[in-house]
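Q: Can you walk me through this model? I'd like to go piece by piece.

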Amino acid sequence: MVTHFSRFQHLLLLQSRFLFSHQSRVRRHPLIRTRTVIRSVMGSSSKLLFRQLFEKESSTYTYLLADVSHPDKPALLIDPVDKTVDRDLKLINELGLKLVYAMNTHVHADHVTGTGLLKTKVSGVKSVISKASGSKADMFLEPGDRVSIGDIYLEVHATPGHTAGCVTYVTGEDADQPQPRMAFTGDAVLIRGCGRTDFQGGSSDQLYESVHSQIFTLPKDTLIYPAHDYKGYEVSTVGEEMQHNPRLTKDKETFKSIMSNLNLAYPKMIDVAVPANMVCGLQDLPAQANL
Ligand SMILES: N[C@@H](CCC(=O)N[C@@H](CSS)C(=O)NCC(=O)O)C(=O)O
Ligand SMILES: [Fe+2]
């Protein structure tokens, strides 16, 4: 009995040492602050390379996704900004990726998209946006369409309301896709906020319906990656926003009243950005003819 007890104790000790050293490794690892490592700790697919990049003047997030298990390492960018195209391309080259798609969640009003510029710098890149946006691009998406890079795909969900053509890109639900799922919500859902609805065909009624039917119906652990953040957040989840979003947790009438009383100044670049983004960001460049 004594021997048995001490063996048991020994096992407990070994187990607690393992847990302790594992936790310590995770806490002390110098790369833990990068989002790639966090994603792999969370159990994402090992095929997916994921980076969240920031453009500080417009507080815009650009997302880089690639399938690094594929020999070509095909990659896509979501919501690239013209001013940070060179930074993004440097990273893509350093990582040995092949940029295939430059996508937008909507026609942005606060910055010029980098999609057109990317097309002039990397041959074969295709610009992608929703058909409902009315913008120029190489590929037009409709609800339910999929955009694939290697084995990874994004599914298109129509989420109008901030603009008429807004879409959310959601990683696939199959077991071999990155888990938990990731939703790139553009300006439909911001962390603890949402996109304004006072221009570009915006409608608070429609935004409320879009979010509740297309985003809040995803699994609660789905990661939310917005196009902007003004408050210092990086990522949220569907469950977290369903519980804590100060606008979208309200009933529709209260939401509509909040949205009509935001009193926000128009984005500083709106008069430049919207016309430029309707032609893929290239209104002043000769390459426009190639779009
Ligand atoms: N001050 C910024 C513009 C800020 C702004 O209007 N942001 C938009 C998203 S970009 S179209 C928005 O929807 N904001 C919602 C909110 O609650 O802040 C500038 O001048 O560029
Ligand atoms: Fe926007």
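Q: What should I know before reading any numbers?
A: This is a predicted model: local features need pLDDT of at least 70, side-chain atom pairs count only at pLDDT 80 or more, and totals for chains, interfaces and linings use all residues. Residues are numbered from 1 along each chain as its sequence is written, and chains are lettered from A and ligands numbered from 1 in the order in which they are written.

Q: OK. How many helices and strands does the protein have?
A: The protein has eight helices and 14 strands. Helices (H or I, at least four residues) and strands (E, at least two) are DSSP runs, numbered from the N terminus.

Q: And how much of the protein counts as buried?
A: Of its 291 residues, 44% count as buried. A residue is buried if 20 or more other C-beta atoms lie within 10 Å of its own, exposed if 12 or fewer, and partly exposed in between, with C-beta atoms placed from the backbone.

Q: Let's do the ligand. Which residues come nearest to ligand 1?
A: Asp110, Gly195, Arg196, Pro267 and Lys268 come nearest, out of 15 residues around ligand 1. A residue is near a molecule or strand if its C-beta atom, placed from the backbone, lies within 6 Å of it.

Q: What is the shell around ligand 1 by class?
A: Six nonpolar, five polar and four charged residues. Here Ala, Val, Leu, Ile, Met, Phe, Trp, Tyr, Cys and Pro count as nonpolar, Asp, Glu, Lys and Arg as charged, and the others, Gly among them, as polar.

Q: Switching to sheets. In what order do the six strands of the open sheet run?
A: The order is β7-β8-β9-β10-β13-β14, with mixed pairing. Its edge strands are β7 (146-149) and β14 (236-237), each pairing on one side only. Two strands pair if DSSP finds at least two bridges between them.

Q: Is β10 buried or exposed?
A: Five of the five residues of β10 (residues 182-186) are buried, so the strand is largely enclosed by the rest of the structure. Met182, Phe184 and Gly186 are buried on one side, and Ala183 and Thr185 on the other. In a regular strand the side chains alternate between the two faces of the sheet.

Q: What are the bridges on either side of β10?
A: Two bridges join β9 (residues 167-171) to β10 in an antiparallel arrangement, with Val170 opposite Ala183. Four bridges join β10 to β13, and these run parallel; Phe184 has Tyr225 as its bridge partner there. Further along, β13 (residues 223-226) is joined to β14 by two antiparallel bridges, and Leu223 stands opposite Thr237.

Q: Now α3. Which of its residues are buried?
A: Val85, Asp88 and Ile92 are the buried residues of α3 (residues 85-94). Seen down the axis of α3, they fall within an arc of 65 degrees (the arc of the directions from the helix axis to the C-beta atoms), so they line one face of the helix.

Q: And the other face?
A: The face turned away from the buried side carries the exposed residues Asp86, Lys90, Asn93 and Glu94.

Q: What do the buried residues of α3 pack against?
A: They pack against β1 (48-55), β2 (60-67), β3 (74-78), β4 (98-103) and α4 (115-121). Two residues are in contact if their C-beta atoms, placed from the backbone, lie within 7 Å.
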